[in-house]
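Here is a short briefing for a first look.

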Amino acid sequence: VMTYSDHVDTDAMSKRSLNVSEAVLNITMKLHETQNYYQAMADTVGEIRKVCGSELCSLFTVDTRSRKCEFINENGRNDGILYGLADSMNRTPYETAMNWEKDLESSDSLLLDDLSIIRERDPAWYCSLVSYGIQSIVLYAVRCQQELVAFIWAANFDTSKIMQIKETLGLTAFLIAAVIANHNLLSQLEEKSSIDAL
């Protein structure tokens, strides 16, 4: 639940818990520590994994214009995991992202300590999760100007930290979205500068 205001509340972060404020600051720093996009994203994923107290964490980026996706974990971009994950559900990576969008059912996040909801909504994803030994899941949609640009995905997370995780991701998702959207824009400009539109 969020409250929007037309005026800047300079004391907003002081009203947050120390853990949330520290996590937001750490994630923000990781996003901007290096000019290397994939390294910055990998470092950010590492910070998010710490916040979630999860065994696994990744960023699943989605470019709706090109219908391409990327899987980024703490080790960087990994196409093998991207296609392995999608193949385990008999889907393409983009179809996987679109199914996750449906699974959210007009929400921005799922933080589940029990996979029964996923069993009902998306049996193929449920079977994939169980086959990897996953018992709890965080799925958080990252949007830029209402357009989906990524999912934050954390598995086997510390379920006692649900509210802290939700608050931290809510505060940092727009920063992550801005970095991804900027990367996508630069990639498009680079492509247009070197490839004839005809």
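A disulfide is a pair of cysteine sulfur atoms within 2.5 Å. The structure, a predicted model, holds zero disulfides. Two helices, α1 and α2, have axes that come within 8 Å.

**Cysteines**
- Which cysteine sulfur is closest to that of C52? The closest one belongs to C57, at 5.4 Å.
- That distance is too far for a bond, because a disulfide needs the sulfur atoms within 2.5 Å.
- Seen from C57, the closest cysteine sulfur is in C52, again too far for a bond.
- C52 has 0% relative accessibility, so C52 counts as buried.
- C57 is buried too, with a relative accessible area of 7%; the cut-off for buried is under 20%.

**Helix packing**
- Two packed helices are described by the angle between their axes and the distance between the axes.
- Helix α1 covers residues 18-32, and helix α2 covers residues 37-52.
- Their axes cross at roughly 165°.
- That angle makes α1 roughly antiparallel to α2, because angles over 145 degrees count as roughly antiparallel.
- The crossing of α1 and α2 is right-handed.

**Residues in the helix contact**
- From α1, the contact is made by A23, N26, I27, K30 and L31.
- From α2, the contact is made by A40, M41, D43, T44, E47, I48 and V51.
- How many residues of each class does the contact of α1 with α2 have? The contact has seven nonpolar, two polar and three charged residues.

Notes
Residues numbered from 1 in each chain as written. Predicted model: local features only at pLDDT ≥ 70, side-chain atom pairs only at ≥ 80, totals over all residues. Heavy atoms only, no water. Axes fitted to C-alpha atoms, helices over the stretch in contact; angles between N-to-C directions. Helix = DSSP H or I, 4+ residues; strand = E, 2+ residues; numbered from the N terminus. Parallel < 35°, antiparallel > 145°, perpendicular 65-115°, else oblique. Left-handed = near helix turned anticlockwise from the far one by under 90°. Contact = heavy atoms within 4.5 Å. Nonpolar A, V, L, I, M, F, W, Y, C, P; charged D, E, K, R; others polar. Buried < 20%, exposed > 50% of the residue type's maximum accessible area, 1.4 Å probe, protein only.
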